[in-house]
Amino acid sequence: MSISRRQFLKLCGATGAAFSVSGSLIPEIVAAMEKAAAGNPPVVWVQGSGCTGCSVSLLNTVHPSIAEVLLKIISLKYHPTVMASAGEKAFDYLYATADKHKGKFYLAVEGSIATGADGKYCTPGILKGKEVTFVEMMKDLGTKTAAVLALGQCAAYGGIPAAEPSPTGSKCVMDFFKDEGIKTPVINIPGCPPHPDWIVGTIAHVLMFGIPELDSDGRPTLFYSTNVHDNCPYRSYYEEKKYSKSFGEVGCRIELGCKGPESFADCWKRGWNKNVNWCIHNSICFGCTQPGFPDKFSPLYTKLETMGREVA
Amino acid sequence: MAKLYIDPITRIEGHLKIEVDIDGGKITDAKSWGTQFRGFEIILKGRDPRDASQLVQRICGVCPTAHATASIRCLDNAFKIKPPANGRIMRNLIYGADYLMSHVLHFYHLAALDYVKGPNTAPFIPRYEGDYRLDPKINKVAVDQYLQALDIRQKCHQMVALFGGKAPIVYGLVAGGATEVPTVDKMVSFKWRLQEIRDFIDNIYLPTVYLVAGAYKDLFEVGVGCKNLLSFGVFPLDDDEKNFLLKPGSYTQGKDMPLDQAQIKEYVKYSFYDDKTTGLHPSKGATKPDTNKKTGYSWVKAPRYRELPHEGGPLSRMWMTNPVLSKHANKFLGVDAKKEIRFRDLGDKAFSILGRIAARAEECKMIADAMDKWILQLKPGAPSCVKAEVPKEGEGFGLTEAPRGALGHWISIKDHKIDNYQVVAATIWNASPRDDKGQLGPIEQALVGTPVKDMKNPFNVVRVVRSFDP
């Protein structure tokens, strides 16, 4: 089946009560993505200063399943956590793929870029007998790729490696490109980690229709345009001033330190892990999709008001 | 003599480079280089101690619950609080579910491609060529299982999320217990998922491990290692922590000894840290990078227990606990199904590539079976948590076992803030470089003596390294 961009956007956003399969992209999209995938430019996935959590989150995709993603939808030529080869064979292939598909392939970046100590804080491999720093890799591949998918908080906004006092001088992709004068477009897919639907949905949009509409923080509006607090299922408790004073107590989580009022993402309707649960039901929102996480939202369990911020 | 570098070592968490010297077809020397530094311990300084349990989870996205567990145990200790029974059980269930995820992921998605030929499409090509020994029919079954296991591990994460909020990175593990108050519908939801996972472990994962092992029997002799084993113990079975499902202790130079955390020191002569910080106990530990250090080759420190390198992981825990193995083990070893075989009956075979892989699979079954009982011990509606208040001053430590080995966190608190936080992670033990005395780390030792037939396709090097699940 073919699918229009309009239909795609509608289906990506539709979750929860509207469909029996909640917490996932829906099956109609899978068929469309498979069709569109034939002959698609490859995706290469590289890791800098990160924790592999984004990759693990990607593996949790339900519809499409990760098997469908790997075998049918995305031509994933390089991924350090799943690929078969290692060492020189793997690294040579990465650079050969980038050269062969120059200007066409997409570069998924997980982790921030440690710019301190001439990049020695992160060296992801050996090329032609020499250790390559992640800084060098990003300068090289960053100018060859059609666009960067900055996956997760670290690549999108710096994340924990860039948290005070940022011992390794870690930077997000956008800031790094700005400093280096690299003009390649960057699509941020933040979250610590991002929901698998945000990753798969954004990659699918890029492959099928090009770069999606982005907000002022470089995120696809498709997934990141709604305020968590405004849409929270516990919102009515907030209106009634009924607050949870301890974990597990019924009420709005604001007193426990919830950062939902400053967070934009669709977790409130999408849920996590096939919608079996989500952060605020279980605890609070830490603002992990926002620029400045974690510092801007620390202390994490302190309420916004105590931090001098207004909640509406 | 020939030198070989493998960088990156793929299908692991993080960045690792291996250097080996090969002479006469065997490895004569090895170096394990940790090629990443992020500075978590420096970043944690000055923050609210409670935030540690969130931030440290991002040390490892494959085992965030391990770091969360170590951290909340550390905070419990420093805050002088104890979780209620529901909290202890809830923690065991969240952590247990992530263990199942991690072990299934390791065998099928991180290790299997060293034994099984994947489909002829990216990311399964390119690959090392040559030493794939499975019959084509069995190989095909294994590839199908690779795909099935992707779904199984995803379902394990649904179990983690049921009580932990989401996965990876959980919100439900906090100082004082767990956040979620159990309800009957969530317990049932957890239990029926566990049923499917147990069925997979018993009838697919375990038999396949032994089926694959049958084609690679020589690998029960390869990758011996230092033969010193360490376990901090995991899954407390009672609120006073008198008993653990997987027992603490060490096996040091052939002797069983009780655990004494005071015997841990971290050395840095060959790590990129200030030499003045070498030989410290983690409670007094320091993290001062020295990027241009001449003797340095790794960002990983060299922790030693009783001054000796010790291996951690399923092999250590199973050796310490010595449980009865599954009937699949009887079949593999040709022993009557009615006879009980215990882990130590494997003898020297345990200290090998396949010994570690079999230990992991047997442990996976043991944990899953125990979880099936734990879930029924929860009291619906009863609290899972006690209040956690940050003291003005305090010190604490939290020990646990990550799926890949012994894990400890140490904290000191001043003025309600973190004054020092030190993490000695599982792979820091296993992938450590030489210590100040020049003793090789466990992975380095396991590589020495390993036969490498084909320099272009050094299967055994990556098999040894990945058997530790770094």
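How many residues of chain B are in contact with chain A, and how many of chain A with chain B? Let's walk through this predicted model and begin with that question.

## Where the chains meet

In the contact region, 67 residues of chain B touch 66 residues of chain A. On the chain B side, the elements that give two or more residues are β1 (2-6), α1 (40-44), α2 (52-55) and α5 (136-164). Helix α5(B) provides the largest share, with 10 residues.

What kinds of residues make up this side of chain B? They divide into 32 nonpolar, 20 polar and 15 charged residues.

## The overall build of chain A

Turning to chain A, you will find 14 helices and nine strands. Its C-alpha trace spans about 65 × 50 × 30 Å along the principal axes. The radius of gyration is 20 Å, which agrees with the value near 20 Å for a compact globule of 312 residues.

Of those 312 residues, 58% count as buried.

## A closer look at helix α6

Which residues of helix α6 (residues 134-144) of chain A are buried? They are Phe134(A), Val135(A), Met137(A), Met138(A), Leu141(A) and Gly142(A). These residues cover an arc of only 150° around the axis, so they sit on the same side of α6(A).

The spacing has a simple background: an α-helix has 3.6 residues a turn, so residues three or four places apart point the same way.

Methods:
Residues are numbered from 1 along each chain as its sequence is written. Chains are lettered from A and ligands numbered from 1 in the order in which they are written. This is a predicted model: local features need pLDDT of at least 70, side-chain atom pairs count only at pLDDT 80 or more; totals for chains, interfaces and linings use all residues. A residue is buried if 20 or more other C-beta atoms lie within 10 Å of its own, exposed if 12 or fewer, and partly exposed in between; C-beta atoms are placed from the backbone. Helices (H or I, at least four residues) and strands (E, at least two) are DSSP runs, numbered from the N terminus. The arc is that of the directions from the helix axis to the C-beta atoms. The radius of gyration is taken over C-alpha atoms; the globule rule is 2.2 Å times the number of residues to the power 0.38. Two residues are in contact if their C-beta atoms, placed from the backbone, lie within 7 Å. Ala, Val, Leu, Ile, Met, Phe, Trp, Tyr, Cys and Pro count as nonpolar, Asp, Glu, Lys and Arg as charged, and the others, Gly among them, as polar.
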